[in-house]
Amino acid sequence: MPLALRTSIIGGQLLEYDSLESTNKTAAELLALSKVRHGAVVLAHEQTDGRGQRGRSWISRSGLDITISIVLRPEGLRADAQFALAKIAALAVHDVVSHAVPGEVRIKWPNDVLIERRKVSGILIKNEVIGELVMSSIVGIGLNVNSTGLDPDLVGTSLAMEGGRSVDRITLFGTLCERFEHWWLRWGQDREHGLDAYSERLWARGRWTDVVLDEQPISVRPMDVDATGRLIVEHEDGRVLAYGLDRLRFAPR
Ligand code: BTN
């Protein structure tokens, strides 16, 4: 596949495979062998054992979807600020998806991308933390592009299912690298506010929504995320508190 990227960092080293078990797994192996530099992208046209959040599988179709892992070596990123990487990835995917399809595109905390209520992309990040700093990160992105027939029970979708026509996956991959680089650089310029767009694009922001908090189903109003990536929510009694994934998740739909 001819891949001419217009980026200088993200994809500066591009490792393209016909088939891999998991791009995250291969990226981790290459990183351990010091064979990948900052911004390297591992791309697989087929992923046979893709991994998702909470040990789940990530299913993508051979030659139809995007499965990549981006290797980063952030400088001076404190472990308690590592959520910035999740924001960068989610914003980049959000940009790509919102330009490709009609319909409202939102980021469901922490980093799923939804079209209306349907999940089109998932992100799995593995950071290596030493002391107080993130030394390296593997940002795995799965984006359903031309898959069809996704299980409606899982509320999954693809760009082709949404737009009713197939999408040029290779062009899209290039744009994804560009948008990732854009947000990476933006964050580099302004670590405090450069990624504020994440909050503006949050799914269910300001809307009463069913969640599970400490195993109890309740309704809260998501407001924002704090600096460590916890979701800030308003409770029905007016309290505003922040929770991590260890305590709160959105109720299954
Ligand atoms: C999720 O469960 O929502 C996260 C899915 C992440 C899938 C991507 S596909 C590329 C990379 N390689 C993997 O094995 N997983 C991530």
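How many cavities of 30 Å³ or more are there? The count comes to 1 cavity. Here a cavity is a set of points, on a 1 Å grid over the protein atoms alone, where a 1.4 Å probe fits but cannot get out. Its volume is the space filled by probe spheres set on the points, which are joined across faces, edges and corners.

Before you click, some ground rules. You are looking at a predicted model, where local features need pLDDT of at least 70, side-chain atom pairs count only at pLDDT 80 or more, and totals for chains, interfaces and linings use all residues. Residues are numbered from 1 along each chain as its sequence is written, and side-chain values use heavy atoms, with hydrogens and water left out.

**Stop 1**

Lining residues have an atom within 4 Å of a point. Now colour strand E2 (41-47), strand E3 (66-72) and helix H4 (169-189): each supplies at least two residues of this lining. Helices (H or I, at least four residues) and strands (E, at least two) are DSSP runs, numbered from the N terminus. By class, the lining has 6 nonpolar, 2 polar and 2 charged residues. Nonpolar covers Ala, Val, Leu, Ile, Met, Phe, Trp, Tyr, Cys and Pro, charged covers Asp, Glu, Lys and Arg, and the others, Gly among them, are polar.

**Stop 1: the ligand**

Turn to the polar contacts (pairs of N or O atoms within 3.5 Å):

- On Gln47, a side-chain N or O atom is 2.9 Å from a nitrogen atom of the ligand.
- On Arg51, look at the backbone, where an N or O atom lies 2.7 Å from a ligand nitrogen.
- On Lys119, a polar side-chain atom sits 2.6 Å from a ligand oxygen.

The protein covers 99% of the 410 Å² of accessible area that the ligand has on its own (Shrake-Rupley method, 1.4 Å probe).

**Stop 2: a hairpin and a pocket**

Select residues 105-108 and 112-115. These are strands E4 and E5, which pair in the antiparallel sense over 4 bridges; pairing needs at least two DSSP bridges. Val105 stands opposite Ile115, and 3 residues lie between the strands of this hairpin. In that loop you'll find Pro110, joined to Trp109 by a cis peptide bond with omega of about 5°.

E6 gives the most to its lining, 5 residues.

**Last stop: Asp214**

Most residues other than glycine have a negative phi. Asp214 has a positive one, near 50°, in the loop between strand E8 (209-213) and strand E9 (216-225).

Technical notes: On a 1 Å grid over the protein atoms alone, a cavity is a set of points where a 1.4 Å probe fits but cannot get out, and a pocket is an open set with protein on both sides within 12 Å along at least five of seven lines; lining residues have an atom within 4 Å of a point. A polar contact is a pair of N or O atoms within 3.5 Å; within protein, one must be able to donate a hydrogen and the other to accept it, and residues adjacent in sequence count only if both atoms are side-chain atoms.
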